[in-house]
Amino acid sequence: PSVVLILLVLLIPVVGLLLPRLIGIDGYRDQIAVQIEKQLGRRVTLGRLTLQVIPSIVVRAEDVGIADDPNYSNADFVTTRSVELKIDLRSLLRRSPQLNGIRLVEPSITLIRGGAGGSSWNWSSLKPLSEPAKGEETPPFDLEIRGGRFTLIDRTVAPAAQSTWSGIDVTLDRFSPRRPSDFAIGLDRKSTRLNSSHITIS
């Protein structure tokens, strides 16, 4: 038994290194993008995909873009250098993958209120927020943003108000789009830049 245990300890790191190459997850990039588009109701672009299985299962996507609602803008709603998705192993073995966490690295997020969308914000038309839940609700997950840049535009006032914040870190524990969540916001003093006029979010 001790020999078997030693072999398992030696093989696990090897399997962890070889398995991502054998699976070749980047070949499924288009299919994954289509599935995300169905979930969000927005056009999605994905760069190179990589898989990590040790110490936890993480799918990493580079150069990710999520389109805005055309009622607000023809530019992207979110662009980010990379996104990391943490998947629960037990749910994966049950062939029903469950998301445990999302980490966005250096995202640029544009939040717009008003225009053709009325007095609502552009995030309100995302499919998980705009449509009633059907069947079982998506389990909460942890959401982390590192080095984010947020641009807020309010077109319900004249002239339109705009505020840009950069160097923002956000952590939301057990996030759900339909339930209140605890969160923390951090500012990197060395990289934070504020260029703003008055905006009220409601």
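**Figure 1. Asp 68 is a buried residue in a loop.** In this predicted model, Asp 68 counts as buried, at 6% relative accessibility. The loop that holds Asp 68 lies between strand E3 (57-67) and strand E4 (76-87). The side chain of Asp 68 makes a polar contact of 3.0 Å with the side chain of Asn 122. Leaving out residues up to four places away in sequence, Asp 68 touches Arg 42, Ser 73, Ala 75, Asp 76, Phe 77, Ile 112 and Asn 122. Two of these names, Arg 42 and Phe 77, return in the next view.

**Figure 2. The charged end of Arg 42 sits over the ring of Phe 77.** Arg 42 belongs to the loop between helix H2 (29-40) and E1. Is Arg 42 buried or exposed? Arg 42 is buried, because its relative accessible area is 6% and the limit for buried is under 20%. The charged end of Arg 42 lies 5.3 Å from the centre of the Phe 77 ring. The side chain of Arg 42 also joins that of Ser 125 through a polar contact of 2.9 Å. Neighbours within four places in sequence aside, Arg 42 is in contact with Glu 37, Ile 66, Ala 67, Asp 68, Asp 69, Phe 77, Asn 122, Ser 125 and Leu 126. Asp 68 and Asn 122, both in that list, are the pair joined by side chains in Figure 1.

**Figure 3. Trp 121 and Trp 123 form a stacked pair.** A search of the whole structure finds one aromatic pair. Its ring centres, in Trp 121 and Trp 123, are 5.2 Å apart, and the planes meet at 5°. Planes under 30 degrees apart count as stacked, so the pair is stacked. A pair of aromatic rings is described by the distance of the centres and the angle of the planes. How do the two residues stand in terms of accessibility? Trp 121 is buried, with a relative accessible area of 3%. Trp 123 is partly exposed, at 27% relative accessibility.

**Figure 4. Strand E6 pairs with E5 and with E7.** Strand E5 covers residues 99-113, and strand E6 covers residues 141-154. E5 and E6 pair in the parallel sense over 11 bridges. One of the bridges links Val 105 to its partner in E6, Arg 146. E6 and E7 pair in the antiparallel sense, over 11 bridges. Here Ile 145 has Val 170 of E7 as its bridge partner.

**Figure 5. Asp 169 reaches the backbone of Gly 147.** Asp 169 is found in strand E7, which spans residues 161-175. Asp 169 is partly exposed, with a relative accessible area of 24%. The side chain of Asp 169 comes to 2.9 Å from the backbone nitrogen of Gly 147. Asp 169 and Glu 144 are 25 residues apart in sequence. In space, their C-alpha atoms are 7.6 Å apart.

**Figure 6. The protein chain has four helices and nine strands.** From the N terminus on, the elements run α-α-β-β-β-β-α-β-α-β-β-β-β. Of the 202 residues, 33% count as buried. Among contacts between residues at least 6 apart in sequence, 54% join residues at least 24 apart.

Figure 7. The average pLDDT of the chain is 75, and 65% of the residues score at least 70. Over residues 4-22 the pLDDT is below 50. That stretch has nine contacts in the model beyond near neighbours in sequence. Over residues 189-202 the pLDDT stays under 50 as well. The model has 35 contacts beyond four places in sequence for residues 189-202.

How values were computed
Residues numbered from 1 in each chain as written. Predicted model: local features only at pLDDT ≥ 70, side-chain atom pairs only at ≥ 80, totals over all residues. Heavy atoms only, no water. Phe/Tyr/Trp six-rings, centres within 6.5 Å; stacked < 30°, edge-to-face > 60°. Buried < 20%, exposed > 50% of the residue type's maximum accessible area, 1.4 Å probe, protein only. Lys NZ or Arg CZ within 6 Å of the ring centre and 35° of its normal. Helix = DSSP H or I, 4+ residues; strand = E, 2+ residues; numbered from the N terminus. Polar contact = N/O pair within 3.5 Å; in protein donor to acceptor, adjacent residues only side chain to side chain. Pairing = 2+ DSSP bridges. pLDDT = per-residue confidence, 0-100. Contact = heavy atoms within 4.5 Å.
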